[in-house]
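Please keep the sequence and the 3D view open while reading.

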Amino acid sequence: MYRAVTRQIEVTVEPNFVPEQSSPDRSRYFWSYTIVITNSGEETVQLKTRHWIITDASGRQQEVKGEGVVGEQPILAPGERFEYTSGVPLTTASGFMTGRYQMVSESGERFDIDVPTFSLDSPDNKRVLN
């Protein structure tokens, strides 16, 4: 599990390789990832936008920006959490993702929170240790 905390908002990520949606002979590898956002602060916040940078093993980057997550812009009161699962395909057997969410507080302040960088590794990925 990967974890980041920004302004008392915790984001954890659990990535999982999905072999039944992958086809290594066609250079298609698919991962799901489950994200939990927990508001440990004292103010209600709302997730407004997401910004992802997805990098494959060849160094190719894809940027994804958009409103909310999985069609929602969740509101989190103090102590509340929001969990969702999404997915990402790559043409290589490994890669990583990093990103941030733009939040807005009850008082109208906009701020970014970090999503921890997380690794996407498939069983087909051959690692070489020096």
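## Aromatic pairs

The structure holds seven aromatic pairs. Rings of Phe, Tyr and Trp (its six-membered ring) pair if their centres lie within 6.5 Å; planes under 30 degrees apart count as stacked, over 60 as edge-to-face and the rest as tilted. One of the pairs joins Y2 and F118. It is tilted, with 6.3 Å from centre to centre and 50 degrees between the planes. This pair links distant parts of the chain: Y2 sits in strand β1 (residues 2-6), F118 in strand β9, and 116 residues separate them. Strands (E, at least two residues) and helices (H or I, at least four) are DSSP runs, numbered from the N terminus.

Y2 is partly exposed, at 28% relative accessibility. F118 is buried, at 0%. Here buried means under 20% relative accessible area, exposed means over 50%, and partly exposed lies in between (1.4 Å probe, protein chains only). F82 and Y84 also pair: because their ring centres are 6.1 Å apart and their planes stand at 35 degrees, the pair is tilted. F82 is buried at 13%. Y84 is buried too, at 6%. One aromatic cluster is formed by Y2, Y33, W52, Y101 and F118.

## Basis of the model

This is a predicted model: local features need pLDDT of at least 70, side-chain atom pairs count only at pLDDT 80 or more, and totals for chains, interfaces and linings use all residues. Residues are numbered from 1 along each chain as its sequence is written, and side-chain values use heavy atoms, with hydrogens and water left out.

## Overall build

The protein has zero helices and nine strands. From the N terminus on, its elements run β-β-β-β-β-β-β-β-β. The C-alpha trace spans about 50 × 30 × 25 Å along its principal axes. Of the 130 residues, 45% are buried. Among contacts (heavy atoms within 4.5 Å) with a separation of 6 or more, 63% are between residues 24 or more positions apart.

The protein exposes about 7400 Å², and carbon and sulfur atoms supply 44% of that area. Accessible areas come from the Shrake-Rupley method with a 1.4 Å probe; for residues, only the protein chains shown count as cover. There are 13 positive and 18 negative charges, and their mean positions are 6 Å apart. Lys and Arg count as positive, Asp and Glu as negative; His and the chain ends are not counted. Each charge is placed at NZ of Lys, CZ of Arg, CG of Asp or CD of Glu.

T6 lies in strand β1. T6 is buried, with 15% relative accessibility. Its side chain reaches the backbone nitrogen of D114 at 3.1 Å. Leaving aside neighbours within four places in sequence, T6 is in contact with D112, I113 and D114.

Most residues other than glycine have a negative phi. R7 is found in the loop between β1 and β2 (9-17), and Q8 lies in the loop between β1 and β2. R7 is partly exposed at 43%. Q8 is partly exposed at 48%.

## R81 in strand β7

R81 lies in strand β7 (residues 81-90). Is R81 buried or exposed? R81 is exposed, at 52% relative accessible area. The side chain of R81 makes a polar contact with the side chain of E83 at 2.8 Å. A polar contact is a pair of N or O atoms within 3.5 Å; within protein, one must be able to donate a hydrogen and the other to accept it, and residues adjacent in sequence count only if both atoms are side-chain atoms.

R81 and V36 are 45 residues apart in sequence, yet 6.7 Å apart in space, C-alpha to C-alpha. Not counting residues up to four places away in sequence, R81 touches V36, I37, T38 and L76.

## S122 after strand β9

S122 is found in the segment after β9 (110-121). S122 is buried at 8%. Its side chain reaches the backbone oxygen of A93 at 3.0 Å. Apart from neighbours within four places in sequence, S122 is in contact with F17, Y29, W31 and A93.
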